[in-house]
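Please open the model in a viewer and keep the selection panel at hand. The tour goes from stop to stop, saying at each what to select and what is there.

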Amino acid sequence: MYPAPFEYLRPATIDEAIALLVTHGEDAKILAGGHSLIPAMKLRLAQPRYIVDIGRIRGMSHIRETAGRIVVGAMATHDAIERSALLREKCPLLPETAGHIGDVQVRNKGTIGGSLAHADPAGDWPAAVLALDADIELAGPRGRRTVKADGFFVDLLTTATAPDEVLVEIRVPITSAKVAYEKTEQKASGFAIAGVAVVVEQGGVRVGVTGVAAKAYRAKAVERALAGQSAPTAEGIARAAALAAERVEALGDIHASPEYRLHLAEVNTARALRRAYGN
Amino acid sequence: MSIPVRITINGTLRQFDLDPRMLLVHLLRDACTLTGTHVGCETGICGACTVLLDGSAVKSCTMFAVQADGAEVTTIEGLAKNGDLHPVQQGFWERHGLQCGYCTPGMIMTSVQLLSRNAKPSREEIAHGLAGNLCRCTGYSHIIDAVQYAAGMGGAR
Ligand SMILES: Cc1cc2nc3c(=O)[nH]c(=O)nc-3n(C[C@H](O)[C@H](O)[C@H](O)COP(=O)(O)OP(=O)(O)OC[C@H]3O[C@@H](n4cnc5c(N)ncnc54)[C@H](O)[C@@H]3O)c2cc1C
Ligand code: FES
Ligand code: FES
């Protein structure tokens, strides 16, 4: 399984990377951890003529607290996020989610930025960034801009990132420990068949769902059903969870039928809500 | 167009001119004849191709060799020192951690990283840490025994 030939480019700065993307347009692809792109290239589903390896750009894998927010660089690996003491204390949903991704070797190479930019419908990170209401920072030839997670995922494998933009970092709020990620996984790869991330905040809850539909989404009907409640009952949670896939067109494949995915969305929403509320 | 690349492989600095699409596993097996690193699935699932890249376990079938430029790569051939097996190798020997042996180099490399981060892992922690390595023969139980044996010997080295 050899990928089609390509020219390998290794920019030293984000600006250089953007300039390469501008020059080569649709023929160029960014290479981050390579754990979605290289499998696709080996199958020749992707045949980019230029590979822009951003792995050597300094200052893209930070994990830090700045001005009351948590900032995670796009090149932070799943493993670095899983093991970050800062995140365990101040944004525990991120390490919890990271621990669900693939296996140790995949987590050592794969990055949060690559995962978000790729927008695999079965990826884990989309659920977490939606539930955290993350800001996603993009840098391009027209400067920088911030996109809310809720508007970032556009369709299957499609995000708000333009072909000449680099995802540089995500910013999320500091949260309490009232968070949870519950997932039913595909056994071989670990990808989500249905994954639900929950963040409980004062007066409300945010719910991100991945694996179920062509793109990850906020289960806003669930959020509305629980709005204003700080300690919902078990029945209240069950009623809210039943709305997890309201008006959602579910995917079907060899791993799970659409009906089964809808069922798992509800089950995992209920589990994640119960755990986050401590119910 | 080939790219000049310098990689330290099992302690020796090597220079290559590489077609960028060459996967690390092919560089190791074909150019370096380090055939201890196996190819099982070629899709990133089985872990037979696991090597250490600057101490971290990675699947060498899912990485271009050019990405390892400037890095240190350790393969199964690089573990024994002066003929003495690495504690993890010794563990697989003593505790019967293999049958056909196809998965073994990858299992051992991942176990070395596991013990370097957690010197006394529980059986559950070992199973979780080896989730990216598949074995069709042993049923895993003896592999976990082997890693525990290595931990008892002082593990990662
Ligand atoms: C065996 C296996 C199991 C896996 N299991 C899971 C799992 O359980 N859950 C899960 O969520 N994922 C899983 N993955 C996918 C893994 O998490 C990938 O690492 C991730 O999806 C992509 O991140 P990457 O850094 O490897 O990106 P790459 O593969 O390098 O890039 C992916 C895409 O994003 C683009 N891109 C990358 N970085 C940027 C950036 N900064 N700005 C703009 N565009 C960018 C690239 O051009 C490419 O199109 C698995 C992968 C494998 C091989
Ligand atoms: S050959 Fe690399 S993971 Fe199977
Ligand atoms: S010993 Fe045969 S695959 Fe593991």
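**Before starting**

This is a predicted model, in which local features need pLDDT of at least 70 and side-chain atom pairs count only at pLDDT 80 or more, while totals for chains, interfaces and linings use all residues. Residues are numbered from 1 along each chain as its sequence is written, and chains are lettered from A and ligands numbered from 1 in the order in which they are written.

**Stop 1: domains of chain A**

Colour chain A by its domain assignment: domain 1 (7-56), domain 2 (63-173) and domain 3 (179-277). Domain bounds here come from an automatic or database domain assignment. Between the C-alpha centres of domain 1 of chain A and domain 3 of chain A there are 34 Å.

**Stop 2: ligand 1**

Select ligand 1, which lies between chains A and B. Its shell holds 34 residues, and the closest are Gly33(A), Gly102(A), Gly110(A), Gly114(A) and Gly190(A). A residue counts as near a molecule or strand if its C-beta atom, placed from the backbone, lies within 6 Å of it.

Now show the elements of chain A that each supply at least two residues of this shell: strand 2 (28-31), helix 2 (37-42), helix 7 (112-118) and strand 10 (166-173). Helices (H or I, at least four residues) and strands (E, at least two) are DSSP runs, numbered from the N terminus. Which helix gives the most to the shell around ligand 1? Helix 7 of chain A does, with five residues.

**Stop 3: the nonpolar core**

Select Ile54(A), Leu93(A), Ala128(A), Ala131(A), Val198(A), Val209(A) and Ala65(B), which touch the most other members among the 142 residues of the largest nonpolar core. Such a core is a set of buried Ala, Val, Leu, Ile, Met, Phe, Trp, Tyr and Cys residues joined through C-beta atoms within 7 Å. A residue is buried if 20 or more other C-beta atoms lie within 10 Å of its own, exposed if 12 or fewer, and partly exposed in between, with C-beta atoms placed from the backbone.

Centre on Ile54(A); apart from neighbours within four places in sequence, its contacts are Pro11(A), Ala17(A), Ile30(A), Leu31(A), Ala32(A), Met60(A), Met75(A) and Val166(A). Two residues are in contact if their C-beta atoms, placed from the backbone, lie within 7 Å.

**Stop 4: domains of chain B**

Move to chain B, which is assigned domain 1 (3-78) and domain 2 (87-152). Taken over C-alpha atoms, the centres of these two domains are separated by 21 Å. Their contact takes 16 residues from domain 1 of chain B and 13 residues from domain 2 of chain B. On the domain 1 side, strand 3 (50-53) and strand 4 (56-59) of chain B give two or more residues. Strand 3 of chain B gives the most to that side, with three residues. The residues of the domain 1 side divide into eight nonpolar, eight polar and no charged.

**Stop 5: helix 5 of chain B**

Select residues 141-152 of chain B, helix 5, whose 12 residues reach 17 Å from first C-alpha to last, close to the 16 Å expected at 1.5 Å a residue. The expected span is 1.5 Å times one less than the number of residues in the helix. Show its buried residues: Ile143(B), Ile144(B), Ala146(B), Val147(B), Tyr149(B), Ala150(B) and Ala151(B). They pack against helix 2 (87-94), helix 3 (104-117) and helix 4 (123-129) of chain B. Just after helix 5 of chain B, Gly154(B) has a positive phi of about 100°.

**Stop 6: single residues**

Ala67(A) is not a glycine, yet has a positive phi of about 50°. Look for Ala67(A) in the loop between strand 4 (63-66) and strand 5 (69-73) of chain A. Is Ala67(A) buried or exposed? Ala67(A) is exposed, with 6 other C-beta atoms within 10 Å.

His96(B), also not a glycine, has a positive phi of about 60°. His96(B) is in the loop between helix 2 and helix 3 of chain B, and is partly exposed, with 14 other C-beta atoms within 10 Å.

Finish at Ala238(A), in helix 11 (residues 234-241) of chain A. Ala238(A) is partly exposed, with 15 other C-beta atoms within 10 Å.

Methods
Ala, Val, Leu, Ile, Met, Phe, Trp, Tyr, Cys and Pro count as nonpolar, Asp, Glu, Lys and Arg as charged, and the others, Gly among them, as polar.
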